[in-house]
Amino acid sequence: MGVLMSRRQTVERVQKVSLAVSAFKDGLREQPSTRRRAEAGTSRRGTLEQEVQEGEEEAPAGPSQPEESSASKAAWERLRDGRGVEPEEFDRANRFTPPAFIRPKRELHDDEPPDISLEQREQIVNDEMCEICEVWTAESLFPCRICPRVYHDGCLRRMGYLQKDSTVEVTETAHTETGWSCYYCDNLNLLLTEEEMYSLMETLKNCKIIPETCLTLDDFLHYKHLVHKQQFERPMTEAQEEQAALQFNALDPDKKGHIEWQDFLSHESIQLLQKLRPQNALLRLLTLKERERARAVFLALDQDNDGFIGEGECRQARHTWFRKHQKEMLSCNVSISHVGPISEGSPASSRNGKSPEKILPATKQEEASVDWPGFLRENVAYMLAARPNSAALHLQPPA
């Protein structure tokens, strides 16, 4: 299959290239000031405790105060705009202009139950053109496991969304059952509306959280205590503090003793969504690929085809969404329309006869049953929380 372009398409392509060259030249003119801002922002990184200590030490020195204020302001602006942390090592001479993220808006019908049928499968078709350069090169495109977008690894690098240490991860996982999330889907903070983001920023400011810093266990627990007291006007119980500590461990899978800013932000974003939006509104956030994966998991658990599964099986499914970083994953030749990660209980994986769900139906009659709509409501938050590529569990399922 080749690429045939009409005269009109050729003219449009030349116009796009001209615009890109103009933007590139403008970027070169602004490069010194941009680099200084980036260096000022990256020089402030560290844990929250280190940031507070440095701020206290620098407070008496007058000349350094405006620079600190400027760096902090830039960090808050990046948080508000959903851009996250600026890359530390970034070749700005060869960069593409990053997209302007537009936060979603709530619609009037969002709270109404969506029509997600169990029997009617949805056809998954990925985009044919790279989301960044809009060029088709077939097998060189890397599909997102959440949305229909596809990308070139070179385009991702020039956008600053793919660093050297993550190139191998993308190339090895994008065409496997594990899959890879693009920069839109990887950032759970982009699911928040402007009003919700303002609420989160106010909470972070009130709790003295500095953007783009890592949080230790003490920082995390202190923050959780403050938020709980502001919301419920009473201190956290020991059980709640223990649950918060378990969530910290889930956000720190490598046992580094701190959690990265992006993981903390994703966790807080999904927590806020659960707090402010009803289940029906959350269900509307699921993409076609996520809905198809949910169908595969439910149908694998419902082995007697009566439309119900046990509560224990429903709880077990919550853990399947996070099975996306297995070391022993096998590469497979899949098309770019592949659904994405397949759980161990899906029909595709049950062919080998090793599916753990096969030993569970005996308990189904002994416990309450869950239907398809209930299954979606129980799992939607965990499905959304599993979008990022990070190995962290941004919403720890209960045991």
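**View 1. Buried residues of helix α15.** In α15 of this predicted model, the residues Trp372, Gly374, Phe375, Leu376, Asn379, Val380, Ala381, Tyr382, Met383, Leu384 and Ala385 are buried (under 20% relative accessible area with a 1.4 Å probe, protein chains only; exposed is over 50% and partly exposed lies in between). The helix is thus named as a DSSP run of H or I with at least four residues, strands being runs of E with at least two, numbered from the N terminus. With 11 of its 14 residues buried, α15 is mostly covered. Local features need pLDDT of at least 70 and side-chain atom pairs pLDDT 80 or more, whereas totals for chains, interfaces and linings use all residues. Residues are numbered from 1 along each chain, and side-chain values use heavy atoms, without hydrogens or water.

**View 2. Start and bend of α15.** A side-chain oxygen of Asp371 comes to within 2.9 Å of the backbone nitrogen of Gly374 at the start of the helix. Further along, α15 bends by about 50 degrees at Asn379, the bend being the angle between axes fitted to the seven residues ending there and the seven starting there.

**View 3. Surroundings of Asn126.** Asn126, in the loop between α4 (64-81) and β1 (142-143), counts as buried because its relative accessibility is 6%. Its side chain and that of Lys289 are joined by a polar contact of 2.9 Å (N or O atoms within 3.5 Å, where within protein one must be able to donate a hydrogen and the other to accept it, and residues adjacent in sequence count only if both atoms are side-chain atoms). Asn126 and Arg149, 23 residues apart in sequence, have C-alpha atoms 6.3 Å apart.
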